[in-house]
Amino acid sequence: KRHKFWETQPVGQFKDIGDSSLSDGPIEPPTPLSEIKQEPYNLPSSYEWTTCDMDSEETCMEVYNLLKNNYVEDDENLFRFNYSKEFLGWALRPPGYYPSWHIGVRAKASKKLVAFISGVPARIRARNDVVKMAEINFLCVHKKLRSKRLAPVMIKEVTRRVHLENIFQAAYTAGVVLPTPITTCQYWHRSLNPKKLIDVGFSRLGARMTMSRTIKLYKLPDSPATPGFRKMELRDVPSVTRLLRNYLSQFIVAPDFDETDVEHWLLPKESVVDSFLVESPETHEVTDFCSFYTLPSSILGNQTYSTLKAAYSYYNVSTKTPLLQLMNDALIVAKQRDFDVFNALDVMENESFLKELKFGPGDGQLHYYLYNYRIRDALKPSELGLVLL
Ligand SMILES: COc1cccc(CC(=N)NC(=O)c2cccnc2OC2CCNCC2)c1
């Protein structure tokens with residue numbers, strides 16, 4: 001399939017696959033500030049650029065509504081991601097964020113927000129190379145403006161604004177195959193509320209299974225099994241950072257989190273992110289950690305239910321508690337918090353618990369990409385330690 005736009009970009013090209021003469025690292029050298037286009041790219045005449053101030057309740061609402069009505073749907077168009085306003089405020093304003101990377105497109109006449117793309121800064125390690133990157137996310141064009149070729153110009157504009165901050169690499173995911181994935185992940189789902197999931201068409205009743213048998217199959221204890229399992233608190237940031245940095249060092253691509261990053265990305269935040277740790281009752285050492293983020297989906301066209309409450313596995317570390325037991329405790333607390341389903345990718349060591357904890361495979365794949373950075377051989381999902389929102 002021809003990728004008119006991506007064949008012009010500094011990304012691994014399909015024709016390069018297997019070419020061992022190419023070395024790992026940046027594909028193009030940094031562009032000197034003087035050579036970076038100083039003014040925004042041209043939009044079709046009836047549209048204009050806008051920078052979305054995520055500190056403004058009104059603008060946050062505009063971005064929220066655009067995504068709620070026009071963002072990613074599942075393959076059967078039964079569900080659409082419904083990121084909350086609080087989640088977007090959190091995801092888009094990490095330490096050191098650039099307001100100019102929250103880019104919108106408005107219709108000149110109505111001033112309506114019709115498209116959005118975002119970047120946030122992140123330090124990402126690829127093998128032994130820690131690189132300042134932009135994590136690109138939430139690319140969304142209003143359904144009525146599709147195939148006007150707006151996406152390529154929005155990608156070029158966010159790239160230009162990232163370059164202006166002297167950053168020349170990026171990371172992003174997509175459900176579609178583009179040149180060229182660094183890895184391709186399978187997603188898995190663990191039912192927590194099987195009756196609702198079957199009612200809304202997310203899951204189907206298994207062959208030779210009754211509804212009551214299915215409810216019993218996914219039943220979980222009322223409380224976690226691990227002694228010392230508790231919510232993470234601010235005072236835990238140093239020990240969680242140590243635990244996480246050590247754990248992530250085993251993966252080929254992973255975030256290079258410091259305490260400031262951990263405080264932002266992993267401290268519990270109501271309806272946004274939940275995180276727990278195991279503090280040994282004897283030694284008070286923090287030995288394990290698990291976390292998941294809250295990403296509801298709108299249920300399209302169901303009379304009874306409007307929202308699917310989904311938890312997405314985030315970062316998990318086990319050094320004393322078996323990962324299987326730690327993740328079962330994560331399922332238990334997710335069920336306690338009324339999540340309908342717990343989702344996970346087959347990244348890091350997740351494959352070791354998915355089947356045993358009764359996750360079922362999803363019907364799609366999530367591809368990971370790096371911009372202007374070559375990793376010669378594609379990774380296995382188990383070699384990837386990066387979870388994007
Ligand atoms: C259940 O509602 C859905 C609404 C829209 C799309 C999908 C399927 C899908 N595309 N799922 C994922 O991409 C996915 C499945 C498991 C874990 N993380 C995921 O995506 C994350 C990370 C990438 N950005 C979206 C959220 C499901």
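So, the shell around the ligand: its residues divide into 14 nonpolar, two polar and two charged. In that count, Ala, Val, Leu, Ile, Met, Phe, Trp, Tyr, Cys and Pro are nonpolar, Asp, Glu, Lys and Arg are charged, and the others, Gly among them, go down as polar. Before I go on, this is a predicted model, where local features need pLDDT of at least 70 and side-chain atom pairs count only at pLDDT 80 or more, while totals for chains, interfaces and linings use all residues. Residues are numbered from 1 along each chain as its sequence is written, and side-chain values use heavy atoms, with hydrogens and water left out.

Back to the ligand. How many residues surround it? The number is 18, and the closest are Phe79, Tyr83, Tyr187, Ser297 and Leu389; a residue is near the molecule if one of its heavy atoms lies within 4 Å of it.

The side chain of Ser297 has an N or O atom 2.8 Å from an oxygen atom of the ligand. Leu389 uses its backbone instead, with an N or O atom there lying 3.2 Å from a ligand nitrogen. And from the side chain of Tyr187, an N or O atom is 3.5 Å from a nitrogen atom of the ligand. The cut-off for a polar contact is a pair of N or O atoms within 3.5 Å; within protein, one must be able to donate a hydrogen and the other to accept it, and residues adjacent in sequence count only if both atoms are side-chain atoms. As for cover, the ligand taken alone exposes 590 Å², and the protein buries 91% of that. Those areas are Shrake-Rupley with a 1.4 Å probe, and for residues only the protein chains shown count as cover.

Next, aromatics. There are 27 aromatic pairs in the structure. A pair here means rings of Phe, Tyr or Trp (its six-membered ring) with centres within 6.5 Å; planes under 30 degrees apart are stacked, over 60 edge-to-face, and the rest tilted.

Two examples. Phe5 and Trp6 have ring centres 4.9 Å apart and planes at 70°, so that pair is edge-to-face. Both Phe5 and Trp6 are buried, and buried means under 20% relative accessible area, exposed over 50%, partly exposed in between (1.4 Å probe, protein chains only). Then Tyr98 and Trp101: the centres are 4.3 Å apart and the planes at 35°, so call that one tilted. Tyr98 and Trp101 are buried too.

There's also an aromatic cluster to click through. Among its members are Tyr71, Phe81, Phe87, Trp90, Phe257 and Tyr315. Tyr83 belongs to that cluster, and Tyr83 is also one of the residues closest to the ligand.

The charged end of Lys37 sits over the ring of Tyr41, 4.9 Å from its centre, and Lys309 lies over the face of Phe339 at 4.6 Å from the ring centre. For that label, NZ of Lys or CZ of Arg has to be within 6 Å of the ring centre and within 35 degrees of the ring normal.

Okay, loops. Asn316 is in the loop between strand 14 (310-313) and strand 15 (317-318). Helices (H or I, at least four residues) and strands (E, at least two) are DSSP runs, numbered from the N terminus. Is Asn316 buried or exposed? Buried, at 5% relative accessibility. Its side chain makes a 3.0 Å polar contact with the side chain of Ser313, and a polar atom of the Asn316 side chain lies 3.1 Å from the backbone nitrogen of Ser291.

Most residues other than glycine have a negative phi. Arg127, though, has a positive phi, near 55°; it's in the loop between strand 4 (113-126) and strand 5 (129-141), partly exposed with a relative accessible area of 34%. Arg149 also has a positive phi, near 60°. Arg149 lies in the loop between strand 5 and helix 3 (150-164), and at 53% relative accessibility Arg149 counts as exposed.

Last stop is Arg235, in the loop between strand 8 (229-231) and helix 6 (237-248). Arg235 is exposed, at 56%. In helix 6 itself you'll find Tyr247, which is buried at 8% relative accessibility.
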